Amino acid sequence: MEKRNKILVIIPAYNEAKNIGPVLESLKKEVFYADVIVIDDHSTDSTKEVVEKNNIKCITNVFNMRYAWTVQTGIKYAEYHNYDYAIFMDADGQHLASEAAKLYDTMINTNSDIVIGSRYLKDTGYKCPLFRKIGTKFFAGLVRLFTGKKIADPLSGFQCINKKVIDFWSKCGNYPEYPDANLIIEMLLRGYKITETPVKMKNRESGASMHSGIWKPIKYMTTQFYTCIVTFVKYIGKRRIK
């Protein structure tokens, strides 16, 4: 592994005090060659204290900015500090530090711009809720319809991006509220190379997902569908414009 590259692990967190400690400990062991930053989205629990106790840098938002803009804060940090690669991981323990190296290795071996950690390329034993499974297949179909590219897990937030993407997303004034299939469609239509690699993931053990309940999944599905359509219409006929 080329440890001379500057690699940053970006972890957005909101009220994850019960989960984030083991995540940080595993990163120290498994991805010791990378820097780690936690973007605390104005948590009301002790998330910040747990992060600082683990001697990990923590940026706390002055108000709750929600997931996407918390992620973009991490991307802006990576751009400002001139990192070569950034890896996105969740704070709830679903993404395994032992699998993060796979994303980076795949990035180097395939010369990709974005590498997605996929739960569905191979059977890894991940138990996907029915609603999410239906949504994943639906948006995977949209990605293939609009771009011709098969992406099995377009809703995975476990990703590695290179410097070109860091620079582009850090300056993106319309970074989407839900940066999933819609952003994949845009990046493919812009000519960026996206690769998937199979990874193991766990289900959340404590706390609530940002898509929990009834109305949040409905809002996510409708917003994601709308932005996928808008993105396709915006970039149709403008492929490979990067």
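Modeller: In this predicted model, a residue is called buried when its relative accessible area is under 20% and exposed when that value is over 50%.

Biologist: With that rule in hand, why is Tyr178 called buried?

Modeller: The relative accessible area of Tyr178 is 12%, and because buried means under 20%, Tyr178 counts as buried.

Biologist: What makes Tyr178 and Tyr220 an aromatic pair, and why is the pair called edge-to-face?

Modeller: Their ring centres lie 5.0 Å apart, and rings pair when the centres are within 6.5 Å; the planes stand at 75 degrees, and since planes over 60 degrees apart count as edge-to-face, the pair takes that name. Tyr178 sits in the loop between H6 and helix H7 (181–189), whereas Tyr220 belongs to helix H8 (residues 215–235), so that the pair links distant parts of the chain, 42 residues apart. Tyr220 is buried as well, with a relative accessible area of 6%, and both tyrosines belong to one aromatic cluster together with Phe138, Phe139 and Phe225.

Biologist: How many aromatic pairs does the rule give, and why is the pair of Trp169 and Tyr175 called edge-to-face?

Modeller: The count comes to ten aromatic pairs. For Trp169 and Tyr175, the ring centres are 6.0 Å apart and the planes meet at 65 degrees, so the pair is edge-to-face, given that the name requires over 60 degrees. Trp169 is buried at 2% relative accessibility, and Tyr175 is buried at 5%.

Biologist: What makes Lys6 a charge over the ring of Tyr83?

Modeller: Lys6 lies over the face of Tyr83 at 4.7 Å from the ring centre, which meets the distance limit of within 6 Å.

Biologist: How do you know that the span of helix H3 is close to the expected one?

Modeller: Helix H3 (residues 67–80) has 14 residues and reaches 20 Å from its first C-alpha to its last, and the span expected at 1.5 Å a residue is also 20 Å. Among the buried residues of H3 are Ala68, Val71, Ile75 and Tyr77, and the buried residues of this helix pack against strands S1 (7–13), S2 (35–40), S3 (57–60) and S4 (85–88) and against helix H6 (163–170). After H3 comes Asn82, whose phi is positive, near 60 degrees.

Definitions and conventions:
Residues numbered from 1 in each chain as written. Predicted model: local features only at pLDDT ≥ 70, side-chain atom pairs only at ≥ 80, totals over all residues. Heavy atoms only, no water. Helix = DSSP H or I, 4+ residues; strand = E, 2+ residues; numbered from the N terminus. Expected span 1.5 Å × (residues − 1). Buried < 20%, exposed > 50% of the residue type's maximum accessible area, 1.4 Å probe, protein only. Contact = heavy atoms within 4.5 Å. Phe/Tyr/Trp six-rings, centres within 6.5 Å; stacked < 30°, edge-to-face > 60°. Lys NZ or Arg CZ within 6 Å of the ring centre and 35° of its normal.
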